[in-house]
Amino acid sequence: MRASIQVEPPRGLLLIADPSLAPTVLEQVAPTLARGGVSLQSGLDGAEAARKARRLVLFDGLLGPSHGDLLSREPPALLLATRGPEGGLTEWEAVLLGAALRGGSLVPAEGTVVRQRLTRLRDVQHAAEAASMVVVEAGGSRTAASLAADVLHELAVNAMLDAPVDAQGQPKYAHRRTEVKEIDPEDACELALAVEGGRIYLEAVDRFGRLTPRPFVQALASYGKRVQVNASGGGAGLGLRRMIEHSDAIAVHVSQGRESRVLCAVDLGEARRRAALPKSLLFCME
């Protein structure tokens, strides 16, 4: 007797919209998401299904401490900004959301993608400077060039020093960040960048898949407020908070125990203070 194999159909997203959004925004959401390869759930069977559903939260993009509660859900809610024409969704963020849900490279394939593997900490600064040059050569502002360099530096250092663990699950480098000059070749951080549609996309990949929403929740806890530096905690996530502030969107895909991908999209424009501008924060785990 031949055994049958049941393949679970791909789950759609449960759409949650901020009450302040205009009804016209909701009318255009589904087509925009569909063009990005994203489907919505048409219905839920029971309270348990509703509890486990992956939620797509549409909001004005103005992040704050309250959004940490949404990221703390299981699974984490996907926070998608509405800032397109007439306050709707942008095509590029719908595409980014689709990529984050599927996994694999999050960098847009339309642009020229540059990839690099890093094992030496001194090469992080070189990579950050290269990202800055790419922005300038693409016609971006010097402000954007500086922000892109800062973001790439944070992405690379986190992937190189915080992600790796040994066979017992103990951190290999995080407990001695100031001492490490080079990491083992098998722990190499993979970087990728591309310029497309007026933004530079910066991605870092590690092979450990240990990233959780918790650092982002902690960074959002004080978002919009003056930072109190805790020296005993290595800066209390100040680098991650700057990364969020500088970026227009952050997408994360974690294959638990196998891989973490973090991508930041930074606008090439002149704006200096970007913390209060709309942002999407898309955290996917599998």
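Author: The account below begins with the chain and then turns to the core. The model is a predicted one, in which local features need pLDDT of at least 70, side-chain atom pairs count only at pLDDT 80 or more, and totals for chains, interfaces and linings use all residues. Residues are numbered from 1 along each chain as its sequence is written, and side-chain values use heavy atoms, with hydrogens and water left out.

The protein chain contains eight helices and nine strands; these are DSSP runs numbered from the N terminus, helices being H or I of at least four residues and strands E of at least two. Of its 286 residues, 47% are buried, where buried means under 20% relative accessible area, with a 1.4 Å probe and protein chains only.

A nonpolar core is here a set of buried Ala, Val, Leu, Ile, Met, Phe, Trp, Tyr and Cys residues joined through side-chain atoms within 4.5 Å. The largest such core has 50 residues, and the members that touch the most others are Leu202, Phe216, Met243 and Ile250. Helix α6, residues 142–162, is the greatest contributor to this core, with 12 residues. Apart from this core lies another, of 28 residues, including Leu13, Val38, Leu80 and Leu97. In soluble globular proteins, nonpolar side chains tend to be buried together.

Leaving aside residues up to four places away in sequence, Phe216 touches Leu71, Leu211, Leu240, Met243, Ile244, Ile250, Val252, Leu281 and Phe283, a contact being heavy atoms within 4.5 Å.

Helix α6 is itself mostly covered, as 15 of its 21 residues are buried.

Strand β7, residues 249–255, includes Ser255. Ser255 counts as buried because its relative accessibility is 7%. Not counting residues up to four places away in sequence, Ser255 touches Gly209 and Glu286. Ser255 and Arg210 are 45 residues apart in sequence, yet their C-alpha atoms are 8.4 Å apart in space. For the chain as a whole, 70% of the contacts between residues at least 6 apart in sequence join residues at least 24 apart.
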